Amino acid sequence: MSGLDKRTWFVLVLLAGLAVLPLIATATGNEFQIGQFRRILIFAIAAVSLDLILGYGGMVSLGHAAFFGVGAYVVAILNWHADREVPLFGMMLGTQNVLATWTAAVVVSAGLAFLIGLVSLRTTGIFFIMITLAFAQMVYFFFVSLRAYGGDDGLRFPGDTVVLGVIDTENDTAFYYLVLGVLCATLYLCRRLVNSRFGMVVQGCRENERRMRALGYPTYLYKLAAFTLAGGIAGLAGALFAAHESYISPSIMHWTRSGDLIVMVVLGGMGTLIGPVAGAVAFLFLEKTLPDYTEHWMIVFGPILLLVVLFARRGIFGWFLPPEERDRHGH
Amino acid sequence: MATDALLSVKGLVKKFGGLTATDGVDLDVAEGEIHAIIGPNGAGKTTLIAQLAGELAPNAGTIAFAGRDVTAMPVYDRARRGIARSYQITQVFKGFTALDNVAMAVQAQAGHSFRFWRPARDDRELREPARAILARVGLDARADVPAAALAHGEQRQLEIAMALATQPRLLLLDEPMAGMGKEESERMTRLLAKLKGEETILLIEHDMDVVFALADRITVLVYGRAIATGTPDAIRANADVRAAYLGDGDA
């Protein structure tokens with residue numbers, strides 16, 4: 001019918017749908033929902049970053065929310081210091097400059113991912129799952145005990161920031177499109193990445209790490225690089241989340257949040273990048289709407305998840321692929 | 001022989017608890033030869049290969065490769081210096097096409113892979129050598145088939161192709177014909193015969209006809225010890241070998 005294959009159609013339709021969502025909401029008098037949609041996009045960015053290591057690298061990290069949370073906290077803390085004019089580390093380091101705070105969020109999250117990866121990636125399989133979980137919980141409890149920044153209760157900070165002198169995060173629609181832009185950029189960069197030489201090595205590690213080493217690849221280094229990168233992107237998503245909420249609490253990096261991210265990736269289709277975006281949309285939509293029908297919504301949600309995992313090997317995205325491509329990796 | 005050997009193993013010992021799987025093995029592989037290792041099941045052949053490749057650390061002894069002690073060197077470093085291997089149980093990237101598999105091996109020798117932008121599948125520097133090597137092992141018509149969909153024998157050929165693609169100085173082939181049908185074995189034998197003289201090969205194989213037809217030298221391993229090394233004729237005539245392994249008149 002046309003020169004575009006089903007995969008491209010899926011990407012275009014999904015992104016176009018997300019692009020017109022605020023227009024529909026405005027036209028139907030539901031502007032208040034734009035913030036909800038934006039929240040979904042922010043988690044979609046985090047899910048895409050997890051897909052990089054989970055779907056492409058075969059690294060089942062149960063601690064990804066830690067990087068997301070730390071990114072958010074970096075922005076929150078810097079803002080809070082700037083607002084209260086309290087010195088940080090003995091200097092006036094606080095700032096509300098978005099370029100500075102978001103960059104700091106990415107750098108700190110990537111640094112944390114590097115350190116956690118340094119230890120965790122010496123293990124594989126169930127040990128890797130457990131050790132990433134343990135590290136993430138350490139980070140979680142660190143922020144719970146950080147009384148100066150609200151501890152358990154979280155931290156509220158003034159959120160009216162202006163990005164690049166153009167986009168006011170107080171403007172729901174403008175901020176929505178900024179997040180959508182970041183998501184599209186993330187998808188594009190990750191697409192380049194997974195198809196590059198580096199991406200092939202990461203996928204090779206998922207397929208058969210022993211073989212990779214025997215071919216001459218120091219697999220640990222490549223996995224560590226991928227893990228660090230994914231942590232940095234999750235940190236960026238966290239920074240957007242902080243700006244979105246103007247409030248941050250440790251619950252955002254609880255291990256169940258890491259589990260949610262895994263569910264989004266699996267639900268949407270591991271190792272597809274665009275799949276986890278659909279996964280995030282579906283997950284957060286169901287999480288929002290199912291409780292309206294029954295307070296025992298988990299009983300409905302669980303089986304839905306199971307069915308998707310059992311019958312759609314590449315998740316939601318897999319339904320849109322021709323059968324012979326559903327099991328294939330690396331595209 | 002010992003001084004100019006490409007691979008020189010001295011006094012290699014590997015113990016698993018009370019079991020000595022490699023028991024003071026000395027072994028030299030000369031440049032350009034096919035050196036076969038034979039021995040009954042449990043003789044420690046695969047354990048030996050794993051130590052040569054660097055996947056297992058020996059308890060004692062040294063491994064020198066191209067004049068350099070590699071005993072403590074990790075697998076990937078040895079691979080980069082030219083030790084390539086195939087596995088008894090096929091180890092390919094099942095989700096990748098045959099061509100992707102070989103290109104992955106070519107890429108391993110093409111400098112570091114911290115290259116994040118250009119699509120590797122459009123990279124002629126990787127794809128063209130990979131195609132040439134697939135042709136060399138006779139898999140060129142199957143280049144775009146996912147490895148998982150290849151026949152068992154084809155997967156084994158693919159393993160050899162991957163090993164060749166790393167431009168090795170020494171090929172460690174662990175039972176390349178394991179689990180193959182007659183026709184597949186014949187194809188593999190022809191492939192190995194083609195490689196003879198071009199590559200240095202350390203070959204583990206159970207098929208005695210193949211071993212005696214292809215090998216320049218043979219080492220016999222029994223209970224982790226190398227009991228004899230020599231030309232196929234010398235091994236065939238060796239009384240110890242006949243008693244320990246070949247069985248009377250069976251060879």
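1. Buried means under 20% relative accessible area, exposed means over 50%, and partly exposed lies in between (1.4 Å probe, protein chains only). By that rule R197(A), at 3% relative accessibility, counts as buried.

2. This is a predicted model, in which local features need pLDDT of at least 70, side-chain atom pairs count only at pLDDT 80 or more, and totals for chains, interfaces and linings use all residues. Residues are numbered from 1 along each chain as its sequence is written, chains are lettered from A and ligands numbered from 1 in the order in which they are written, and side-chain values use heavy atoms, with hydrogens and water left out.

3. On the salt bridges: the term stands for a side-chain nitrogen of Lys or Arg within 4 Å of a carboxyl oxygen of Asp or Glu. The count over all chains is 26. R197(A) pairs in this way with E125(B), with 3.6 Å between the closest N and O atoms. Because E125(B) lies in helix α4 (residues 124–136) of chain B and R197(A) in helix α7 (residues 197–215) of chain A, the pair joins two chains. Helices here are DSSP runs of H or I with at least four residues, strands are runs of E with at least two, and both are numbered from the N terminus. A network of salt bridges links R197(A), R118(B), D123(B) and E125(B).

4. Two further salt bridges lie within chain B. D100(B) and R121(B) form one, their closest N and O atoms being 3.2 Å apart. This pair links distant parts of the chain, 21 residues apart: D100(B) is in helix α3 (residues 98–108) of chain B, and R121(B) is in the loop between α3 and α4 of chain B. D100(B) is buried, at 3% relative accessibility. E186(B) and K182(B) form the other, also with closest N and O atoms 3.2 Å apart. Both residues sit in helix α6 (residues 182–195) of chain B, four residues apart, or about one turn of the helix. E186(B) is partly exposed at 39%, and K182(B) is exposed at 66%.

5. On the sheet: six strands of chain B form an open sheet in the order β6-β7-β8-β3-β9-β10, with mixed pairing. Two strands pair if DSSP finds at least two bridges between them. The edge strands, each pairing on one side only, are β6 (83–86) and β10 (225–230) of chain B. Strands β7 (residues 170–174) and β8 (residues 201–204) of chain B run parallel and are joined by four bridges. One residue of this region, D174(B), has I204(B) as its bridge partner in β8(B).

6. On the nonpolar core: this is a set of buried Ala, Val, Leu, Ile, Met, Phe, Trp, Tyr and Cys residues joined through side-chain atoms within 4.5 Å. The largest has 155 residues, of which L183(A), V102(B) and L158(B) touch the most other members. Helix α2 (residues 34–56) of chain A gives the most to this core, with 16 residues. Contact means heavy atoms within 4.5 Å. Leaving out residues up to four places away in sequence, V102(B) touches A130(B), I133(B), L134(B), L158(B), A161(B), M162(B) and A165(B).

7. On helix α1 (residues 45–53) of chain B: the helix is mostly covered, with eight of its nine residues buried. Among them are K45(B), T47(B) and Q51(B). Just after α1(B), G54(B) takes a positive phi of about 100°.
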